[in-house]
Amino acid sequence: MKVTVVGAGAVGASCAEYIAIKNFASEVVLLDIKEGYAEGKAMDLMQTASLNGFDTKITGSTNDYSKTANSDICVITSGIPRKPGMTREELIGINAGIVKTVSANLVEHSPNTILIVVSNPMDTMTYLAHKTTGLPKHRIIGMGGALDSARFKYRLAEALEAPISDVDGMVIGGHSDKGMVPLTSHATRNSIKVSEFLSEERLDQVKEDTKVGGATLTKLLGTSAWYAPGAAVSGLVQAIACDQKKIFPCSTLLDGEYGLSDLCIGVPVILGRSGIEKIVDVPLSDAEKQHLAESAEGVKKTNGLLEL
């Protein structure tokens, strides 16, 4: 199992670290455009191998895509990160060109790969990969919902004053501050609906805190977060590599599912060795349906800025 991570910045390096520590991949290739940067990150991570007990080989490369050849899974984290006050959508001009070039190079050297797109605006970058690579739809996955759902569960556990292992919940919709749709109607604490424990007002606050989860961290850190995004990516990669058949909300190209077509947006999917093995139809409340439709309109508006 060979995994390539393009972009050796904070998110990419965290992703590589979590994949290596889980010890399911034989090799992780870190690639970056900055001279020596990926090689340095790879060496630093390899020097933790004996301390963290993993045997995954991590190699670094400066823009040499031949080193990524025959990767089973490729992760695209490259592009500029958000700064305080920026929306994910404002990154489109620079990141679209980067993602288009990177995805083409990856597919050239690994035609059978599965692509996981992390670069923002993530839903639009995933759509761009679909339009430019020619890969089948089940082999292009946008990572947003897995991260947003982790943040949702964090906020739910905080509100419930419960251990996070007791909490389950999911966020669908666009990976944007306004586009996220936290599914409070399906959220549970050890199989009991969270509405049994929390008032509607408190649940509304949880939803709002979830939706601005990335912006909150950007304001505090001065740049985008990296631990949780890296962990979210590693979860998707492991589900695919180990054929786990796990359900994650991921950005996927829809063709009538949820009443939406010709866009990528976060919905529940089953991930296995072939990538997206099934889109799961989850019943939504009228309010959730409305919010998802509004989110889709926002994603389509951003897609319209692409030069395809």
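Guide: **A close look at helix H9**

H9 has 15 residues and spans 21 Å from its first C-alpha to its last, close to the 21 Å expected at 1.5 Å a residue. That expected span is 1.5 Å times one less than the number of residues. Helices (H or I, at least four residues) and strands (E, at least two) are DSSP runs, numbered from the N terminus.

This is a predicted model: local features need pLDDT of at least 70, side-chain atom pairs count only at pLDDT 80 or more, and totals for chains, interfaces and linings use all residues. Residues are numbered from 1 along each chain as its sequence is written, and side-chain values use heavy atoms, with hydrogens and water left out.

Now the surroundings. Twelve of the 15 residues of H9 are buried, so the helix is largely enclosed by the rest of the structure. Buried means under 20% relative accessible area, exposed over 50%, and partly exposed in between (1.4 Å probe, protein chains only). Among the buried residues of H9 are Pro229, Gly230, Leu236, Val237 and Ile240.

A nonpolar core is a set of buried Ala, Val, Leu, Ile, Met, Phe, Trp, Tyr and Cys residues joined through side-chain atoms within 4.5 Å. The largest one holds 56 residues, and Ile116, Ile141, Leu236, Val237, Ile265 and Leu271 touch the most other members. Its largest share, seven residues, comes from helix H9 (residues 227-241). In soluble globular proteins, nonpolar side chains tend to be buried together.

Take isoleucine 116. Leaving out residues up to four places away in sequence, its partners include Leu236, Val237 and Ile240. Ile73, Cys74, Val75 and Ile76 are also among the residues that isoleucine 116 touches. Contact here means heavy atoms within 4.5 Å.

A search of the whole structure finds one aromatic pair. The rings of tryptophan 226 and tyrosine 227 have centres 5.5 Å apart and planes at 50°, so the pair is tilted. Rings of Phe, Tyr and Trp (its six-membered ring) pair if their centres lie within 6.5 Å; planes under 30 degrees apart count as stacked, over 60 as edge-to-face and the rest as tilted. Tyrosine 227 is exposed, with a relative accessible area of 55%. Tryptophan 226 is partly exposed, at 24%.

Finally, the other end. Just after H9, aspartate 243 takes a positive phi of about 50°.
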